[in-house]
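Subject: Structure handover

Hello,

Here is the structure for you to look over. My notes on it follow below.

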Amino acid sequence: MSTSRTDAAVRARRQATQEMLQRLQTALAAAVRDHTPVTVAPLARTARVSRTFLYQNQQARALIEQVTRTSRPQSGTSSSRSRTQPAWRERALNAEDALTQTQREIRTQRTRIAELLGKIRDLEHDLPEGSLQRIVTENTSLKQHVRQLTQDNQRLQERLASARQNNRFLDKHIADLEAQLAPYLTTPPPRP
């Protein structure tokens, strides 16, 4: 049972490796076609493989070496011009994509802003004339009332603390008086 699982895992790993090699060949063909230099990091990104795979897999290394050997630049100006042209074309395409995405995002933001402004106008429209001033006045008076209640509450808290302190003092004074009277209450009074 475990050998069938192992065999299945090995087959799946081989299949995944073949797919990665296929993507690598496609990326290498594009690099040769566009006359872009073959370097590991961009090649790994384009082929959607790890750089470790490119360094450790013998078939991947062989493919890269083969392409770098066959695509060495010849001397002449036409070769350098053909290499820079795809780079500019790629940059222009990337810039166009970024511009399109930015324009989409701006349209989305403008739509959202318009919706929110419409909601604000609807809320303002629903209020009768002069009610905004009335609401502001009520809000101000309520804030003053809350401030007054907070001050009253603080004063009452201070008075309650003072009353509790006085109560504790009086309880202690009563206890002292009871302690002074205790000897007289426990002994019988002298007879005449």
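Of the 192 residues of the protein chain, 11% count as buried. Buried means under 20% relative accessible area, exposed means over 50%, and partly exposed is in between (1.4 Å probe, protein chains only). This is a predicted model: local features need pLDDT of at least 70, side-chain atom pairs count only at pLDDT 80 or more, and totals for chains, interfaces and linings use all residues. Residues are numbered from 1 along each chain as its sequence is written, and side-chain values use heavy atoms, with hydrogens and water left out.

Overall fold

The protein chain has 6 helices and 0 strands. Its elements run α-α-α-α-α-α from the N terminus on. Helices (H or I, at least four residues) and strands (E, at least two) are DSSP runs, numbered from the N terminus.

Helix 2 covers residues 40-47, and its buried residues are Leu 43, Ala 44 and Ala 47. Seen down the axis of helix 2, these buried residues fall within an arc of 100°, so they line one face of the helix. The arc is that of the directions from the helix axis to the C-beta atoms. Arg 45 and Thr 46 are exposed on the other side of helix 2.

Two residues here deserve a look at their backbone. His 35 lies in the loop between helix 1 (2-34) and helix 2. Its phi is near 55°, a positive value in a residue other than glycine. His 35 counts as partly exposed, at 39% relative accessibility. Arg 48 is not a glycine either, yet has a positive phi of about 55°. At 60% relative accessibility, Arg 48 counts as exposed.

Helix 4

Helix 4 (residues 58-70) has 13 residues. From its first C-alpha to its last it reaches 18 Å, close to the 18 Å expected at 1.5 Å a residue. That expected span is 1.5 Å times one less than the number of residues.

Which residues of helix 4 are buried? They are Ala 60, Leu 63, Ile 64 and Val 67. Down the axis of helix 4, the buried residues fall within an arc of 95°, so they line one face of the helix. The face turned away from that buried side carries the exposed residues Gln 58, Arg 69 and Thr 70.

Asn 57 sits in the loop between helix 3 (51-56) and helix 4. A side-chain oxygen of Asn 57 reaches to within 2.9 Å of the backbone nitrogen of Gln 59. A polar contact is a pair of N or O atoms within 3.5 Å; within protein, one must be able to donate a hydrogen and the other to accept it, and residues adjacent in sequence count only if both atoms are side-chain atoms. Asn 57 is buried, with a relative accessible area of 17%.

Salt bridges

The count comes to 4 salt bridges. The rule is a side-chain nitrogen of Lys or Arg within 4 Å of a carboxyl oxygen of Asp or Glu. Three of them are described here.

- Arg 33 and Asp 34 meet through their side chains at 3.6 Å, N to O. Arg 33 is exposed at 57% relative accessibility, whereas Asp 34 is buried at 17%.
- Arg 112 pairs with Glu 115, the closest N and O atoms being 3.6 Å apart. Both lie in helix 5 (residues 77-126), 3 residues apart, about one turn of the helix. Arg 112 is partly exposed at 42%, and Glu 115 is partly exposed at 43%.
- Arg 155 pairs with Asp 152, with the closest N and O atoms 2.9 Å apart. They are 3 residues apart in helix 6, about one helical turn. Arg 155 is partly exposed at 44%, and Asp 152 is partly exposed at 25%.

Nonpolar patch

Leu 127, Leu 132, Ile 135 and Val 136 make a nonpolar surface patch of about 340 Å². Patches are made of residues with over 30% relative accessible area and no salt bridge; like charges are joined within 9 Å, nonpolar side chains (Val, Leu, Ile, Met, Phe, Trp, Tyr) within 5 Å. Accessible areas come from the Shrake-Rupley method with a 1.4 Å probe; for residues, only the protein chains shown count as cover. Ile 135 is found in helix 6 (residues 131-186). Ile 135 is partly exposed, with a relative accessible area of 39%.

Best wishes
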